[in-house]
Amino acid sequence: MNTFVQNLIDGLGNGSTYALLAVGVSMLFGVMHLVNFAHGELLTVSAYVIYGLRSKDVSWWITVPMAILGAVALSVAIEFTAFRRVRTASAFTLLLTSFALEILSHAVWRIGVSSKPRRYATPEIAFKTFDLGPYRVEVWDVISIVVAVLCFVGTAIMLRKTLFGLSIRAASEDFDAARLMGVKANRVISGAFAFAGLLAGIAGALYLLRRGQADPRMGAEPLLKAVIAAIIGGLGSLKGAVVGGLALGVAEVYFRSFLPNDLQGLTDAFVFVLIAALFVVRPQGLFNVQTAERV
Amino acid sequence: MISDRRRVALGSLGGNLVLVALVVVGGVVYAAFGSSARDALITDLLINLVIVIGFQIFIGNTGVLSFGHLGIASLAAYVMALLAIPAARKSVLIPNAPWGIPDIEVDPLLATVIGIGVAVVVSALLAAVVARTSGLSATMITLAFLFVVRQVAENWKDLTNGAGNLSSVPRLDGNGWAIVGAVLAVFVAVSFRASKVGRLAVATREDELAAGAMGIDVFSPRFIAFVVSGAVVAVGGILRVQSLGSLGPSQFSFDFTILILAMLVVGGMRTVSGAIVGTAFITIGKEITRFLGDGPHFLGFEWPVVDGLPDLFLAGSLLVVLLLRPSGLLGEYDVGTFVAAQLSRSGRRSSGPAASAIASAIAPDHSDAVLRTNCLGVTFGGFTAVDSVTMSVEPGRIHGLIGPNGAGKTTLINVLTGVVEPTYGTVEIGGRELTGPPHSRARQGISRTFQNLRVFGALSVRENVAVADLVARQHRVDRAGPGVDALLELSGLTAMADRPASTLDYGNQRRLEIARAAALRPDFLLLDEPTSGMSEAESREMVDHVRRIATAVGAGVLVIDHDLGFITSICEHITVLDQGAVLAEGTPDEVQSDPRVIEAYLGTQGA
């Protein structure tokens with residue numbers, strides 16, 4: 001029981017990072033049918049901002065907002081320079097464009113900084129623990145969960161109450177109809193990229209304060225997990241992305257503690273088989289998202 | 001006399017082999033002025049060429065993005081290596097391998113053949129899943145496959161030695177085998193594109209929905225393309241391992257896949273020439289950037305060492321092409337087209353079919369099947385789109401279906417053609433119930449055009465019609481048809497037969513769609529708003545055109561429109577739909593004088 005609860009908190013802590021990223025991935029899929037594999041590069045830019053500012057001894061109180069800002073700026077820049085031009089292109093072109101951007105980002109960091117990791121000291125709070133009854137809980141896990149929940153609630157309110165949220169929902173339902181109703185395509189899409197960037201920046205801050213280093217290819221792995229989470233939840237469904245992200249985080253921790261050693265390496269393989277099966281059996285994910293082509 | 005198609009195929013084969021030869025000669029010259037590392041570069045280039053062309057066979061012809069082919073290559077290479085590595089080495093490298101593998105030692109050539117065989121089987125299994133899906137799903141499944149293969153290879157250490165690699169794979173020396181592989185790959189790719197399956201695959205790439213409506217089952221061309229392409233990529237993978245002499249899990253990685261895809265996309269995935277040009281372009285660019293990044297002494301400067309320059313070039317060129325020229329440097333261009341044009345200039349045949357050939361092709365007996373709907377209904381959620389419609393379309397007759405916007409006309413056509421499942425009721429043709437997906441209905445005698453044009457844009461005008469004719473020859477054998485040339489002549493398209501369909505103007509694309517639908521030798525031709533967007537004069541011309549085509553194929557016609565004038569001038573019988581239900585029925589005169597119709601069209605005040 002003891003480890004069960006501890007694992008759960010641990011898993012939810014990791015999972016909230018995935019979920020924050022997954023919500024962004026899912027939102028972008030909703031508005032432009034793009035699975036954005038370049039989304040993970042927003043973590044990378046945040047990491048280098050943290051490294052850069054911390055190596056000049058800038059306070060964490062300034063560093064963290066700057067890191068989030070960096071992610072938002074990059075997200076909007078990517079949309080403006082690349083995705084805007086291929087907005088109406090096939091899934092094929094969109095997907096390859098996002099991969100090209102990912103590799104471009106890796107190369108730029110390698111050339112601009114170094115292919116070797118750059119380390120920065122993590123703040124004390126990142127690894128503090130406290131005892132809650134019989135459980136030893138990491139403070140950062142609790143902060144992660146609280147921040148993520150606030151973000152999800154904020155996102156839900158934004159989608160329901162604001163005009164921007166309404167246009168995002170309308171665009172996800174039927175982009176052409178939304179445009180006929182006066183939704184400006186470029187504005188809603190760059191807005192979605194900015195919002196997804198904000199969530200990615202926050203996810204980045206939660207993840208990076210414990211990670212302690214920046215390296216060119218670091219964005220790929222968390223993003224892959226976020227994509228998996230978004231797929232499990234059903235691409236385009238934000239609720240699904242949250243559930244998918246948290247479930248993945250928890251599942252990972254349990255796999256790690258219960259699977260025998262020689263099967264550990266295969267956990268990812270299991271997940272991939274599961275994903276492939278999901279695409280065959282239930283391409284709309286666990287949560288239903290309807291899309292239909294008009295003939 | 002050789003046919004046009006064969007001329008193009010031969011031209012393409014010859015032209016592309018010349019292209020490969022040029023690349024090889026360029027490489028040899030470059031290698032002659034440098035170290036032995038440059039020899040390895042040519043081998044690498046040729047083997048990459050095999051793999052890129054292998055990818056082109058599937059991706060280029062079907063338009064479905066696959067990340068999984070190097071997973072297939074990896075499996076094939078492992079099978080080959082595990083069989084061919086000398087037993088003495090295996091007992092050191094992988095003493096605990098299952099199935100007595102440490103004791104087996106197979107001749108490398110036989111091991112290669114077995115490896116390719118395994119690749120074919122694995123490709124078929126994977127294709128059985130992938131070919132059922134399209135777009136994003138197919139891509140994600142193949143991506144998952146690539147990762148799974150790698151993870152298993154990394155973790156099944158007893159069998160693969162994990163990251164420790166399998167060394168002592170019997171090596172092939174020199175470039176001979178790589179050249180053979182490249183020539184073979186070009187041959188397979190050109191033959192595939194020219195084959196029947198290849199043309200059907202391209203049709204599904206151009207428009208999946210229209211391909212289904214023409215009786216093409218999307219599954220089988222995709223399946224075959226995937227397996228052929230898997231085998232060619234496996235050949236490339238095995239050659240690569242044999243030229244290196246060792247094999248590890250990271251060799252057929254995601255990064256390598258991106259390299260191959262970049263070569264294909266940058267050059268132009270739609271043609272074999274594109275694959276060759278792209279491979280050469282990326283290889284040369286990477287070689288130059290690698291040179292620049294190594295801190296050369298060059299132009300009197302001591303250049304700094306820059307790590308990652310080749311990757312920057314790779315991602316940059318891929319991105320630039322995707323954003324500015326998504327069809328790649330060559331687009332639709334294949335050297336074969338050029339060579340074929342040269343060939344045909346020397347041996348030009350008489351032009352077009354003789355008028356008598358057309359005359360004799362026209363007017364086969366029309367079929368005597370009746371198309372009938374029995375109390376057909378469709379509801380979407382709570383909305384009733386089609387409400388208990390019972391109607392009959394007589395053979396050889398032109399029947400109009402008319403009604404205001406939202407009356408359910410297009411939904412009714414979608415039900416007849418199998419795009420939408422009815423909520424209740426049945427459709428019959430000649431007394432047999434009509435069921436199944438769109439392609440099987442097309443084979444049972446229903447063909448259609450679309451409200452929003454759906455021609456196969458990248459195919460030539462002739463190929464558009466020929467693809468439907470191909471299906472008819474296989475599935476409509478009991479019906480006679482006028483043939484491709486006669487249909488083109490009847491549609492006034494002969495002069496532009498060799499142009500890509502996408503370059504035609506609106507009216508000609510409409511006529512092409514009708515010609516294509518007619519080539520299927522249907523019992524019934526369903527025309528969804530054939531005059532939408534046309535001027536009055538063009539509409540009048542369309543009346544004659546539809547009559548001519550319908551007589552030529554002996555098909556009954558069901559034509560939808562909301563233009564009352566057009567419908568009454570062409571149809572012998574009219575059904576009026578309103579809010580999903582049949583409002584009136586009869587001859588044009590009867591329908592026009594029906595007060596309910598007048599009300600629905602003009603409102604009560606106007607009546």
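**Exercise 1. A bridge partner and its sheet**

Which residue is the bridge partner of B:Asn374 in β6(B)? Then place the strands of this predicted model in their sheet.

*Solution.* 

Step 1. B:Asn374 has B:Thr426 as its bridge partner in β6(B). The strands β3(B) and β6(B) run antiparallel and are joined by five bridges.

Step 2. On to the next pair. β3(B) also runs antiparallel to β4(B), and seven bridges join the two. One of the pairs here is B:Arg372 with B:Ser392 in β4(B). The hairpin of β3(B) and β4(B) has two residues between the strands, and in it B:Gly381 takes a positive phi near 60°.

Step 3. β6(B), which covers residues 424-429, is joined to β7(B) by two bridges, again in the antiparallel sense. B:Ile429 finds its bridge partner in β7(B) at B:Arg432.

**Exercise 2. The six-stranded sheet**

Find the order of the strands in the open sheet of six strands in chain B, and explain why one side of β8 and of β12 is left without a neighbour in the sheet.

*Solution.* 

Step 1. The order is β8-β9-β10-β5-β11-β12 in chain B, and the pairing is mixed.

Step 2. β8 (446-448) and β12 (581-586) of chain B stand at the edges; each has a single partner strand, so one side of each has no neighbour in the sheet.

Step 3. From one strand to the next, the twist averages 20°.

Step 4. Strand β11 of chain B, residues 573-578, pairs with β12(B) over five bridges in the antiparallel sense. Among the pairs, B:Ile574 has B:Gly586 as its bridge partner in β12(B), and B:Asp578 stands opposite B:Ala581.

Step 5. The hairpin of β11(B) and β12(B) has two residues between the strands; B:Gln579 takes a positive phi near 50° there.

**Exercise 3. Two domains of chain B**

Describe how domain 1 and domain 2 of chain B meet.

*Solution.* 

Step 1. Domain 1 of chain B covers 4-337 and domain 2 covers 361-606. Their C-alpha centres lie 45 Å apart.

Step 2. List the residues in contact. Domain 1 of chain B gives 20 residues and domain 2 of chain B gives 22 residues.

Step 3. Turn to the area. About 1800 Å² is buried between the two domains of chain B, and carbon and sulfur atoms give 67% of this. On the side of domain 1, B:Arg199, B:Leu209 and B:Met214 lose the most area to domain 2, together 32% of what that side buries.

Step 4. Count the charged pairs. Two salt bridges are found between the domains of chain B. Separately, the side chains of B:Arg193 and B:Glu463 meet in a salt bridge at 3.7 Å, N to O. This distance passes the test, because a salt bridge requires the nitrogen to be within 4 Å of the oxygen.

**Exercise 4. Chain A against chain B**

How many residues of chain A are in contact with chain B, and which salt bridges involve A:Arg110?

*Solution.* 

Step 1. 41 residues of chain A are in contact with 44 residues of chain B.

Step 2. The two chains bury about 3500 Å² between them, with 78% of it on carbon and sulfur atoms.

Step 3. A:Arg110 meets B:Asp307 in a salt bridge at 3.0 Å, N to O. A:Arg110 also meets B:Asp311 at 2.9 Å, N to O. B:Asp311 lies in helix α14 (residues 309-324) of chain B and A:Arg110 in helix α4 (residues 91-112) of chain A, so this pair joins two chains.

Step 4. Check the confidence. Chain A averages a pLDDT of 85, and 94% of the residues score at least 70. Over residues 288-295 of chain A the pLDDT is below 50; this stretch has 16 contacts in the model beyond near neighbours in sequence.

Note on methods
Residues numbered from 1 in each chain as written. Chains lettered and ligands numbered in written order. Predicted model: local features only at pLDDT ≥ 70, side-chain atom pairs only at ≥ 80, totals over all residues. Heavy atoms only, no water. Pairing = 2+ DSSP bridges. Helix = DSSP H or I, 4+ residues; strand = E, 2+ residues; numbered from the N terminus. pLDDT = per-residue confidence, 0-100. Contact = heavy atoms within 4.5 Å. Domains from an automatic or database assignment. Buried area = accessible area lost by both parts, 1.4 Å probe. Axes fitted to C-alpha atoms, helices over the stretch in contact; angles between N-to-C directions.
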